[in-house]
Amino acid sequence: MHSIKLCLLRPRIGTSTKLIPALVRFNSSAGLVKAIRNRDLDKLQNELKNVNLGNINEEDIQNLSALAVTLPQSSSLDELSLVLAGRQQPKALLKVFKRALTSGDSKKVIDMYTRLDKDSVDTLTLLCVVAAYSLIGNYRGAQTAVENANKPGYTFNPKNTALHTGLTNDKLALAQDYISKLRFYHDTKTKADLISAIDNAGGNSMRKHLIDLYAAVDIATLEDDEIYARFIQAFTSASKRGSPPLPAHVLDKPYSKLGPKSLNAALQGAFVRSTGTTNVNNILNAMNAKNVLPDEDIASALVSDLISKDRKDAGMALFDTIQEMYTNSGQGVPTKICNALLSGLTKVGMSDVALDVFKQIKEPSIVTYNILIRYSVLKNDHATTINLLRELRERGITPDAHTFSMLLVYLRKRGHGEAINVVMKTMTDCGVTPDLHIYSGMIDILAKEGQLKEAITLLDRIEDEGVKTTSVTYTSVISGYLLHSSDGLQEAQKLMARMKLRGLSPTPVLFNYIIEASLASQNAYAPWVFLEQMQYEPNVHITKGTLYILMKGFYESRRYDDCKRLLDFIDRHDLTSLGDDALNRIINKIKRKL
């Protein structure tokens with residue numbers, strides 16, 4: 001018999017079965033599988049000498065990994081842990097490393113590490129390796145290990161060092177110092193790497209990680225306007241209501257020292273955090289002094305937001321300031337910003353002011369007209385609706401799906417029996433060829449507006465005419481019913497049944513959209529109904545994305561009982577795993593909360 005140690009003596013261990021050739025001579029793995037499933041440790045150790053681990057399936061490898069952690073320390077376990085790490089199961093190796101580090105055997109950790117290939121070195125393995133190098137004072141060795149590894153995850157940080165290495169006191173402090181210095185090595189190699197790291201941390205609301213990353217970046221790099229702007233945007237995304245103030249050294253430049261991109265990022269941050277008009281005006285003054293114009297999207301959002309929050313005077317004053325800035329630069333105010341003002345004014349019922357603003361716009365777009373058409377239709381102002389539609393045609397502006405949707409609503413409100421036929425003819429007269437894209441856009445808009453009967457009528461019409469609808473078309477209507485109807489769940493189920501009868505299969509993306517809409521439904525059980533349905537739907541699997549949507553929705557709406565129920569569901573069905581992804585982070589956050 002060959003011992004597993006003799007069989008596995010190779011310079012490097014990876015995922016390929018070719019790396020364990022001496023085991024190939026023993027083809028049967030039935031005894032090993034039986035030992036794993038029976039948790040028979042004695043038989044397991046005997047069987048490991050005779051079997052090719054490359055023939056073991058993923059499930060049994062996972063079970064073997066769980067059992068290997070319970071095995072006593074031995075050279076055989078060392079070799080087995082390397083093979084398991086090559087199969088992406090590092091738990092046994094981490095245990096071996098922790099034992100070695102606590103006993104001061106850094107050489108063992110480093111020697112075993114050199115036999116792993118790059119893809120076998122996960123984040124926590126790398127953390128132990130860097131700790132081992134720190135104990136022998138070899139910073140260059142630690143740096144090389146980080147250089148050669150894949151980019152580590154967020155768990156490669158000093159606070160995890162004690163737990164995974166077992167080190168204490170001065171040894172722990174030394175290891176933490178090495179990890180702090182090397183933590184952002186991959187993130188700061190190039191400007192593109194740094195931007196990616198900033199955006200990822202901001203997108204995942206990792207505020208503490210961002211603060212540490214900011215501190216790791218040198219002053220010269222922070223002078224780059226784009227880098228500084230990305231940090232502002234990331235902190236804006238990661239900072240929630242109630243978050244403590246940023247440390248004094250973070251984003252400490254005055255507005256007068258910021259570049260164009262950073263000023264616009266600051267303006268966006270003022271909008272997102274609702275810091276008040278005084279702060280917004282200070283930013284605009286700094287922009288004006290540097291002849292920097294505000295970004296159209298940001299300025300539009302600010303104007304619309306202020307007016308919709310019943311701060312009409314502040315919103316119009318802001319628009320006047322922006323208009324003056326564009327005039328001073330020899331430009332007219334972009335139509336998009338004017339549209340934001342129009343939209344805000346119509347939402348608060350200031351139609352007369354909105355029409356005055358409309359008359360001053362030199363180049364109105366289809367969006368401009370759609371804003372006013374929608375308002376006049378919903379307010380039953382038929383004369384204004386007709387005048388706008390006529391003027392739209394006279395200007396030669398091509399209507400879009402939104403225009404046709406509002407026209408359909410208008411005609412239906414007027415009791416026109418041939419409303420859909422009139423809309424179809426209008427499309428033809430305007431040179432617009434109705435296709436699935438146009439129809440789907442109209443159905444989506446009608447559903448979002450709560451005009452569900454019109455949406456269903458149009459869906460019936462196009463299917464009767466032989467237009468091949470898709471699951472996307474149905475997603476809009478189903479979501480609309482969940483959001484706007486007290487019978488939304490029942491209607492949604494009917495539509496899903498109808499969709500299947502037409503040969504359309506529900507997709508994971510469809511379920512994700514529907515589940516997101518169901519979170520705002522009047523029926524608290526709706527999300528659970530669709531989650532259960534996903535389990536039994538052919539070719540549909542519950543993904544981490546689905547679970548994240550649910551968990552985030554329950555948490556943000558303070559449905560903590562549903563959070564607990566979903567945690568039980570995830571554990572019961574083994575639907576998550578270790579990692580740094582968004583789902584695991586929100587799960588950990590909720591567990592701390594609960």
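This is a predicted model: local features need pLDDT of at least 70, side-chain atom pairs count only at pLDDT 80 or more; totals for chains, interfaces and linings use all residues.
Leaving aside its neighbours within four places in sequence, with which residues is Gln268 in contact?

View 1. Residues are numbered from 1 along each chain as its sequence is written, and side-chain values use heavy atoms, with hydrogens and water left out. Gln268 is found in helix H16 (residues 260–273), where helices are DSSP runs of H or I of at least four residues, numbered from the N terminus. Once neighbours within four places in sequence are set aside, Gln268 is in contact with Gln233 and Ile298, contact being heavy atoms within 4.5 Å. At 31% relative accessibility Gln268 counts as partly exposed, a class that lies between buried (under 20% relative accessible area) and exposed (over 50%), with a 1.4 Å probe and protein chains only. Gln268 and Ile373 are 105 residues apart in sequence and 29 Å apart in space, C-alpha to C-alpha.

**View 2. Helix H22 and what covers it.** Helix H22 (residues 366–378) has 13 residues and reaches 18 Å from its first C-alpha to its last, close to the 18 Å expected at 1.5 Å a residue, the expected span being 1.5 Å times one less than the number of residues. Ten of the 13 residues of H22 are buried, including Ile366, Tyr369, Ile373 and Val377. The cover over these buried residues includes helix H20 (335–347), helix H21 (351–360), helix H23 (382–394) and helix H24 (401–413). Just after H22, Asn380 takes a positive phi of about 60 degrees.

**View 3. Two aromatic pairs.** A search of the whole structure finds six aromatic pairs, in which rings of Phe, Tyr and Trp (its six-membered ring) have centres within 6.5 Å, with planes under 30 degrees apart counted as stacked, over 60 as edge-to-face and the rest as tilted. The rings of Phe358 and Tyr369 have their centres 5.3 Å apart and their planes at 80 degrees, so this pair is edge-to-face. Because Phe358 lies in helix H21 and Tyr369 in helix H22, the pair ties together parts that are eleven residues apart in sequence. Phe358 is buried at 8% relative accessibility, and Tyr369 is buried at 0%. Trp528 and Phe554 form a stacked pair, 5.6 Å centre to centre with 20 degrees between the planes. Trp528 lies in helix H31 and Phe554 in helix H32 (residues 544–556), so that pair ties together parts 26 residues apart in sequence.

**View 4. Leu566 in the largest nonpolar core.** A nonpolar core is a set of buried Ala, Val, Leu, Ile, Met, Phe, Trp, Tyr and Cys residues joined through side-chain atoms within 4.5 Å. The largest has 132 residues, and those with the most contacts inside it are Phe231, Met427, Phe530, Met551 and Leu566. Apart from this core lies another, of 43 residues, among them Leu94, Leu101, Leu126 and Leu172. Not counting residues up to four places away in sequence, Leu566 touches Trp528, Leu531, Leu547, Leu550, Met551 and Phe554.

**View 5. Ser521 in a loop.** Ser521 is found in the loop between helix H30 (508–518) and helix H31 (526–536). At 14% relative accessibility Ser521 counts as buried, and, residues up to four places away in sequence not being counted, Ser521 touches Leu482 and Ala526.

Technical notes
Helices (H or I, at least four residues) and strands (E, at least two) are DSSP runs, numbered from the N terminus.
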